[in-house]
Amino acid sequence: MTGLLLCGGNSLRMGNDKGMLSLQSATWAEQISAIITTVCHNCFVSVNEEQLLSYQKIFSAQNIITDNNSLQVKGPLKGIL
């Protein structure tokens with residue numbers, strides 16, 4: 001089974017990327033990815049283009065998927081597709 005961590009939100013209400021918030025010694029995204037990999041063989045991280053550089057600093061490029069901006073959908077569905 002493959003897991004998908006959806007981090008590609010615009011963070012409009014929060015004002016900054018929740019996945020990059022630090023909790024103890026790791027970001028939220030790193031902590032959730034670690035949890036996902038306890039039950040899934042692989043974990044991919046879905047981000048938007050603006051987040052790509054930040055996430056490449058903590059995740060392998062082969063595990064990061066960027067949103068396809070040609071899709072005419074928004075929200076979590078865009079990250080899943």
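Is phenylalanine 59 buried or exposed? I got 11% relative accessibility for phenylalanine 59, so it counts as buried. My cut-offs: buried is under 20% relative accessible area, exposed is over 50%, and partly exposed is in between, with a 1.4 Å probe and protein chains only.

Ground rules before I go on. This is a predicted model, so I took local features at pLDDT of at least 70 and side-chain atom pairs at pLDDT 80 or more, while totals for chains, interfaces and linings use all residues. Residues are numbered from 1 along each chain as its sequence is written, and side-chain values use heavy atoms, with hydrogens and water left out.

**Entry: aromatic rings**

I searched the whole structure and got one aromatic pair. The partners are tyrosine 55 and phenylalanine 59, and the pair is stacked, at 6.3 Å centre to centre with 10 degrees between the planes. I noted the rule: rings of Phe, Tyr and Trp (its six-membered ring) pair if their centres lie within 6.5 Å, and planes under 30 degrees apart are stacked, over 60 edge-to-face, the rest tilted. Tyrosine 55 is buried because its relative accessibility is 0%.

**Entry: strand E4**

Helices (H or I, at least four residues) and strands (E, at least two) are DSSP runs, numbered from the N terminus.

Valine 47 sits in strand E4. With a relative accessible area of 0%, valine 47 is buried. I listed its contacts (heavy atoms within 4.5 Å). Leaving aside neighbours within four places in sequence, valine 47 is in contact with Cys7, Gly8, Leu52, Tyr55, Ile64, Ile65, Thr66 and Asp67. Tyr55 on that list is the tyrosine of the stacked pair.

Phenylalanine 44 is in strand E4 too. Its relative accessibility is 24%, so phenylalanine 44 is partly exposed. Not counting residues up to four places away, phenylalanine 44 touches Thr2, Gly3, Leu4, Leu5, Gln62, Asn63 and Ile65.

**Entry: aspartate 67**

Where is aspartate 67 found? I located it in the loop between strand E5 (64-66) and H3. Aspartate 67 and valine 47 are 20 residues apart in sequence and 6.2 Å apart in space, C-alpha to C-alpha. Aspartate 67 is buried yet has no salt bridge. A salt bridge here is a side-chain nitrogen of Lys or Arg within 4 Å of a carboxyl oxygen of Asp or Glu. Lysine 78 is the nearest side chain of opposite charge, 5.2 Å away. For charges, Lys and Arg count as positive and Asp and Glu as negative; His and the chain ends are not counted. Lys78 is still among the residues that aspartate 67 touches, along with Gly8, Ser46, Val47, Asn48 and Gly79, not counting residues up to four places away in sequence.

**Entry: serine 33**

Serine 33 lies in helix H1. It is buried, with a relative accessible area of 10%. Beyond its neighbours within four places in sequence, serine 33 is in contact with Leu5, Cys43 and Phe59.

**Entry: the nonpolar patch**

I then turned to the surface. Leu4, Leu6, Ile65, Leu77, Ile80 and Leu81 form a nonpolar patch there, with about 530 Å² of accessible area together. Strand E1 (2-6) and helix H3 (76-80) are the elements that give two or more residues to the patch. Patch residues have over 30% relative accessible area and no salt bridge; like charges are joined within 9 Å, nonpolar side chains (Val, Leu, Ile, Met, Phe, Trp, Tyr) within 5 Å. Areas come from the Shrake-Rupley method with a 1.4 Å probe, and for residues only the protein chains shown count as cover. Leucine 6, in strand E1, is partly exposed at 40% relative accessible area.

**Entry: loops**

Glutamine 24 is in the loop between strand E2 (22-23) and strand E3 (26-27). Its phi is positive, about 65 degrees, although glutamine 24 is not a glycine. Glutamine 24 is exposed because its relative accessibility is 78%.

Histidine 41 sits in the loop between helix H1 (28-36) and strand E4 (42-47). I have histidine 41 as exposed, at 67% relative accessibility.
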